[in-house]
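Subject: Structure handover

Hello,

I am passing on the structure we spoke about.

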Amino acid sequence: PISKDFLPIKKIRSKLILPKHNTNNDIVISYLLKRGIDKDIIDYCIYNELIYEDINNNVIFIGYDYEQKIKYAGIRGTKETRFLKDAYGSDKQYSFRINAVENSKTVHLFESVIDLLSYATLLKLKKRNWKQDNLISLAGVYMPSKNLDSSKIPSTLKVFLEHYPEINRIVLHLDNDNAGIKASKAIIKSLSNQYKVINNPPLIGKDYNDFLLYYRNKYNER
């Protein structure tokens, strides 16, 4: 018999533990509205079970695998104190995303769900179809290796591209900080020989939520 010492080690993935639902989503809706997110987009996400409020009044962002099973839950506080974490057992390969309503060959990439929703809101404010293309959040900062040539692409993006081989265009909307700039360069270097990769960071501010709030204030878009 084979010694147990030489048996292959199976990677055991912890079961996802979802935060308990609150009886309503009122505080989460109020929080997202204050961040400038469009009410129709919030309602769309709640209706499609992408967002809900937990019993501690946190906003929960849900990610599904490609069989529509919940695999990820990002927890974000709605109070003044900054609070961010992933639910126990979350798999970032399947972080929050909004798929295009029709076939699209483009995917847009963001660091956070708030930035993704901010970008969608900007499109809606400009009377454009915010559900035309695929939108994906990395659920946090992607840190490439110091040597960009040896950097791996984010697992969320890698799994998405494997599942949708028709994708030929990737648009990066990462933050205007050192980490975001490095991450964009790494992804461009890794994928530009296979895809058309466009770098489109926010024109104003650190991230797309900053840009959205600036845009709303400038053009009186309340």
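The notes below go from the whole chain to the sheet, the cores and one histidine.

This is a predicted model, in which local features need pLDDT of at least 70 and side-chain atom pairs count only at pLDDT 80 or more, while totals for chains, interfaces and linings use all residues. Residues are numbered from 1 along each chain as its sequence is written, and side-chain values use heavy atoms, with hydrogens and water left out.

The chain has six helices and nine strands; these are DSSP runs numbered from the N terminus, helices being H or I of at least four residues and strands E of at least two. Of its 222 residues, 48% count as buried, meaning under 20% relative accessible area with a 1.4 Å probe, protein chains only. Among contacts (heavy atoms within 4.5 Å) between residues at least 6 apart in sequence, 67% join residues at least 24 apart.

Five strands form an open sheet in the order 5-7-6-8-9, with mixed pairing; two strands pair if DSSP finds at least two bridges between them. Strand 5 (97-98) and strand 9 (196-199) are at the edges with a single partner strand each, so one side of each has no neighbour in the sheet. Strand 5 runs antiparallel to strand 7 (residues 134-137), and two bridges join them. Arg-97 has Ile-136 as its bridge partner in strand 7.

The largest nonpolar core has 39 residues. Such a core is a set of buried Ala, Val, Leu, Ile, Met, Phe, Trp, Tyr and Cys residues joined through side-chain atoms within 4.5 Å. Leu-32, Cys-45, Ile-51, Phe-61, Phe-96, Ile-98 and Leu-117 touch the most other members. Helix 3 gives the most to this core, with nine residues. Leaving aside neighbours within four places in sequence, Leu-117 has among its contacts Ile-37, Ile-41 and Cys-45. Another core, of 17 residues, lies apart from this one and includes Leu-138, Ile-153, Phe-160 and Ile-167.

Where is His-108 found? The residue belongs to strand 6. His-108 counts as buried because its relative accessibility is 5%. Its side chain makes a polar contact with the side chain of His-173 at 2.8 Å; a polar contact is a pair of N or O atoms within 3.5 Å, where within protein one must be able to donate a hydrogen and the other to accept it, and residues adjacent in sequence count only if both atoms are side-chain atoms.

Regards

Key. Buried < 20%, exposed > 50% of the residue type's maximum accessible area, 1.4 Å probe, protein only.
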